[in-house]
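Me: I would like to go through this model with you, setting the values against the definitions behind them. Where shall we begin?

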Amino acid sequence: MLCISYFTYSVCIYKDISHNTDINNSFADQGKKIWQKNNCTACHQIYQLGGYLGPDLTNTYSLKGPEYIKAFLKNGTQVMPDFNLTQYEMDALTAYLKQIDDTGVSDPRSFTVLNNGTTYQK
Ligand code: HEC
């Protein structure tokens, strides 16, 4: 009986997981997968988390714009590798960085510290 319950429960859980990944398939989410596949986070931070060789990219989209981002993705620099990305991959990565930009601010100096020790972002 216990075995049957375990098996049924496992099937339900795994069915649910695959269901969730189907939902998260927007263009920006595809960009996130390309971000993970190429390990951009080894050198870049998002929301201040990640490597420190390159700059934080949380607000690059609004500060510098999509064409600026794509110029880096297209050629790389002396330090940043050229990943030989397709136009589609570059567009998806830019959509991902736009989504990140829309949902957060990365510079803690711009945060308001509240009396209870938490911070507030505009
Ligand atoms: C080996 C480290 C490294 C990796 C990996 C890397 N970058 Fe960079 N990136 C840099 C550095 C360093 C700079 C700053 C320009 C310079 O000094 O060459 C930069 C600059 C940028 C910029 C311009 C940011 C600004 O504000 O000027 C963007 C956008 C960018 N990278 C996106 C990406 C994306 C997307 C990936 C993954 C596909 C990636 N990078 C992977 C090192 C890296």
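Reply: We can begin with the lining of the largest pocket, which by class has 18 nonpolar, eight polar and two charged residues; Ala, Val, Leu, Ile, Met, Phe, Trp, Tyr, Cys and Pro count as nonpolar, Asp, Glu, Lys and Arg as charged, and the others, Gly among them, as polar. This is a predicted model, in which local features need pLDDT of at least 70 and side-chain atom pairs count only at pLDDT 80 or more, while totals for chains, interfaces and linings use all residues. Residues are numbered from 1 along each chain as its sequence is written, and side-chain values use heavy atoms, with hydrogens and water left out.

Me: How many residues line the largest pocket, and which of them lie nearest its centre?

Reply: The lining has 28 residues, and His 44, Pro 55, Leu 57, Phe 72 and Met 80 are those nearest the centre. On a 1 Å grid over the protein atoms alone, a pocket is an open set of points where a 1.4 Å probe fits, with protein on both sides within 12 Å along at least five of seven lines, and a lining residue has an atom within 4 Å of a point. The space in the largest pocket comes to about 610 Å³, a volume being the space filled by probe spheres set on the points, which are joined across faces, edges and corners.

Me: Which helix supplies the largest share of that lining?

Reply: Helix 4 does, with four residues. Helix 3 (60-64), helix 4 (66-75) and helix 5 each supply at least two residues, helices being DSSP runs (H or I) of at least four residues and strands runs (E) of at least two, numbered from the N terminus.

Me: What makes helix 2 and helix 5 roughly perpendicular to each other?

Reply: Helix 2 (residues 27-37) packs against helix 5 (residues 87-103) at an angle of about 105°, and their axes are 7 Å apart. Each axis is a line fitted to C-alpha atoms over the stretch in contact, and angles run from 0 to 180 degrees between N-to-C directions. Angles of 65 to 115 degrees count as roughly perpendicular (under 35 is roughly parallel, over 145 roughly antiparallel, the rest oblique), and the two helices are therefore roughly perpendicular. Among the residues that make the contact are Phe 27, Ile 34 and Trp 35 of helix 2 and Tyr 88, Leu 93 and Tyr 96 of helix 5, contact meaning heavy atoms within 4.5 Å. By class, this contact has ten nonpolar, three polar and five charged residues.

Me: Which residues of helix 2 are buried, and what do they pack against?

Reply: Ala 28, Asp 29, Gly 31, Ile 34 and Trp 35 are buried, a term for under 20% relative accessible area, with exposed meaning over 50% and partly exposed in between (1.4 Å probe, protein chains only). These buried residues pack against strand 1 (45-46) and helix 5.

Me: Why is Tyr 52 called exposed?

Reply: Tyr 52, in the loop between strand 2 (49-50) and helix 3, has a relative accessible area of 62%, which is over the 50% limit, and therefore counts as exposed. Setting aside neighbours within four places in sequence, Tyr 52 still has contacts with Ala 42, Cys 43 and Gln 45.

Me: What phi does Asn 84 have, and why does it count as exposed?

Reply: Asn 84 has a positive phi of about 50° although it is not a glycine, and at 63% relative accessibility it counts as exposed because that value is over 50%. Most residues other than glycine have a negative phi.
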